[in-house]
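Hi,

Here is the structure I said I would pass on. Have a look at it first, and my notes on what turned up follow below.

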Amino acid sequence: MMVVAGYAFIAATTVFAGCAHGVQSATKSAGYNIVDTLLEMPALIPTPRSVEIGEGTCRLEAVAMVSCGGEELAPAADYLAEHLGLQRCDARGAIHLAYDPMLLEEEYDLNISDSGVVIVGGGYGGVFNGVVTLMQLFPADVYRSAVAYPVDVPLCAIHDMPRFEHRGFMLDVCRTWMDREAVKDFIDLLAYHKINSLRLHLTDDEAWRIDIESHPELARIGGFRGGDSPIWPRYGKWNERWGGYYTHDDIRDIIAYAKVRNIEVVPEIDLPGHSLCMATMHPEILCDYTPDTSRAFGYDTRSAFCVAREENYELLADILGEVCMLFESEYIHIGGDEVDMSQWRRCPHCQALMRDRGMSATEELQQYFMLRVSEIIAQHGKKPAVWNEAIDGGMLADNTLVYGWEGVKECRDAAQSYSTIVMPGQYFYFDMKQSSREPGHDWAAIFDWSKTYAFTLSGQGFDAVAQHNVVGFEGSFFSELYASHNPESADYLEYQTFPRMLSLAEISWVADDIRDAEAFYRRMVEHYVRLDAMGVAYRLMPPCVKYEGGVLRASVDDGSDVYYSVEGGCEDVLYNEPITTSTPALYSFMSRRGVATSPISAVASHFKTITPTFDITSSMTESEKFSFDKAESYGRLARTVGAADVGDWVMFTFDAPVSCRRMKVATGNFQLPRYTFENGYVEVSYDGVNFERVGDLYCGMFFIESPQQPIKAVRITSTSRGNGAEWVSIQPPTIWPKL
Ligand code: TNX
């Protein structure tokens, strides 16, 4: 048996489907030959409208060249040549790109015939789409720019165009900082799948990520949190000052990089809520009343711009002026989500504004604010895009683009009156968990690629008007949880977004009535060889595990290798034959392929937990609404009143000492390391009197592994002051019984 330690992997050795067949050579010209072997068509994602397969293949030699008709297409030709490892030429090459004015902007024809490879498109986007398809007809090494020639591509005629003009993805670079190179790497992955819009969520409560040269403090201070920064740490990890921001040069570089790849970069400045970071640097933007900051050690947690303060619009004119100047996109996303309107209700000036303008609902203040901001960007020739709540309580400018996220109904409602991007969380938020025991949020849903794939407008009750107004779909990655999953590597981002991205790419491209999940899964698996070559740490489906007659059997259908571990041992072992055992609960299985991994599967008892009765006591005051008994009943979270100071503690005391194989104790929200003890240590007592220190908190939590004696009590003590919020959440302990 092969033993692989930790997360080291065996190399992927899969061969690109179809290319292993023998081919015979025929006449040779300009670097390619036509041969008469019929190549099976490789899986294409997203599926083209029409594919006609010819008889034979085109053999491309290393001397083949890439040419284009017109300077404007040079970036696409360079991009293709670089991936194929071929030279560019001015004369007509074996692979030629050109415009065809008869086609729509993103429509293309790809012809591989006895006169070579020709891609024509209505516009740059069409030609680029053809380039992406051609790359999928090549061996997967094309994604490593390491194609070995000769290469045989099938003779074919592909005619194709997308269903939607908007096939988007949103990256939250606030909660977790992703630098310019990380963003460009991700842009590559989007481009390989014909996603054509990348929205950068540039500002939020936790960070300000775009340099504003007229107000340099915004990014240069607001881009960093923790340590000596006035921006408090969030999500439990950042003891040091941590973060970053994009300079104007970075932004221009990202835009240019994306543009070559047919991707428009849309900025989001999230207003008027989600502005805590901005308010930390500019408290004058807030409403005019004195908040009670005692619970957060003097930290003001208000996050909304005051609507009535005229100077706020001057500040926003400066900020948005620079944003509009930098970005080439038609729309500027100005936010509008999750505003805490209680701040406006307490503000005398907001209340006076409501009276003066005859407003009856507080939502109308948001309308007013969004219209004022829309006017600012209109002066720069830009149109507003907003989250769906911004349309509550009135009408926005006609040319507003609405991003529907809260649910399908909100998307349908928006699409009655506005151009709408459909992205309800339960299908399109790739920060959600893919199954219950994996990392991720779960507030919208727990879902994998198949749920996104099954999403149709017709099936979700969009009527003809609404369907007409849908301009596209968008996936998203909010990054609260990435911060505690080694954000220096793209692994967590890629695991959450692939293969769900493949479903997004597919349903944004093909009509509602083209759905066959089984067939799509097979094509996805074929596509994995390309993801392997791209180096994407995608998520595999968990292995199927069965225990019958004392024998454990694991299987996969995606070419991955299955590994298992025996609890208590730290090594993963390659599974290559059924395992005979009388203690199945000790085993857990997972699969790997390249850098891709699956979640763990195991027989149910592996996950079983117990709920012995216990008491919570604390040096801190118990919240009335979220009292300690909420956690004591293992039902919900409990809360304290106020954040923790150094020396504050929370203790779990069991009625009877608990014998277990593992116990997790945690402050902070489920899944989300926020409202934690930022730093602290854990002590265990076996007699309820003497305590011994067993370790430090990580992201607010700690796992007590294989305790030698039954545990009577566990105490968590804070070693830091505050957590950027007004309380600490306390979770019930999770206890895994002895087997
Ligand atoms: C909701 S999406 C939010 C975000 C969170 C996200 C986490 C939206 C408009 N608001 O602030 O990051 O949920 O899934």
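**The cysteines**

The sulfur of cysteine 89 sits 9.1 Å from the closest cysteine sulfur, in cysteine 68, and that is too far for a bond. A disulfide here means a pair of cysteine sulfur atoms within 2.5 Å. By this rule the count of disulfides is zero. Cysteine 68 is likewise in no disulfide, with the sulfur of cysteine 89 as its nearest at 9.1 Å. Cysteine 68 is buried at 15% relative accessible area, and cysteine 89 is buried as well, at 15%. For that wording, buried is under 20% relative accessible area, exposed is over 50%, and partly exposed is in between (1.4 Å probe, protein chains only).

Before you go further: this is a predicted model, so local features need pLDDT of at least 70 and side-chain atom pairs count only at pLDDT 80 or more, while totals for chains, interfaces and linings use all residues. Residues are numbered from 1 along each chain as its sequence is written, and side-chain values use heavy atoms, with hydrogens and water left out.

**The ligand site**

Which residues come nearest to the ligand? Out of 13 residues around the ligand, they are Arg175, Tyr429, Asp431, Trp443 and Glu480; a residue counts as near if one of its heavy atoms lies within 4 Å.

- Aspartate 431 has a side-chain N or O atom 2.6 Å from an oxygen atom of the ligand.
- Arginine 175 places a polar side-chain atom 2.8 Å from an oxygen atom of the ligand.
- Glutamate 338 has a side-chain N or O atom 3.1 Å from a nitrogen atom of the ligand.

On its own the ligand exposes 360 Å², and the protein buries 95% of that. Those areas come from the Shrake-Rupley method with a 1.4 Å probe; for residues, only the protein chains shown count as cover.

Two peptide bonds to proline are worth a look. From isoleucine 45 to proline 46 the bond is cis, with omega near 0 degrees, and proline 46 belongs to the loop between strand 3 (32-35) and strand 4 (50-60). Helices (H or I, at least four residues) and strands (E, at least two) are DSSP runs, numbered from the N terminus. Tyrosine 149 and proline 150 are also joined by a cis peptide bond, where omega is about 5 degrees. Proline 150 is in the loop between helix 2 and strand 10 (151-160).

Serine 145 is found in the loop between helix 2 and strand 10 too. Its phi is near 50 degrees, a positive value in a residue other than glycine, and serine 145 is partly exposed at 37% relative accessibility. Cysteine 699 has a positive phi as well, near 55 degrees. Cysteine 699 lies between strand 35 (692-696) and strand 36 (701-705), in the loop, and is buried at 8%.

**Some individual residues**

Threonine 133 is part of helix 2 (residues 124-137). Is threonine 133 buried or exposed? Buried, at 1% relative accessibility. Beyond its neighbours within four places in sequence, threonine 133 is in contact (heavy atoms within 4.5 Å) with Leu44, Tyr108, Leu110, Ile158 and Lys194.

Asparagine 196 sits in the loop between helix 3 and strand 12 (197-201), buried at 10%. Its side chain reaches the backbone oxygen of glutamate 165 at 2.8 Å. Not counting residues up to four places away in sequence, asparagine 196 touches several residues, among them Glu106, His166 and Asn262.

Histidine 485 is in the loop between strand 22 (470-477) and helix 15 (491-497), and is partly exposed at 31%. A polar atom of the histidine 485 side chain lies 2.8 Å from the backbone oxygen of leucine 481. Leaving out neighbours within four places in sequence, histidine 485 is in contact with Pro439 and Tyr492.

Cheers

Definitions and conventions
Polar contact = N/O pair within 3.5 Å; in protein donor to acceptor, adjacent residues only side chain to side chain.
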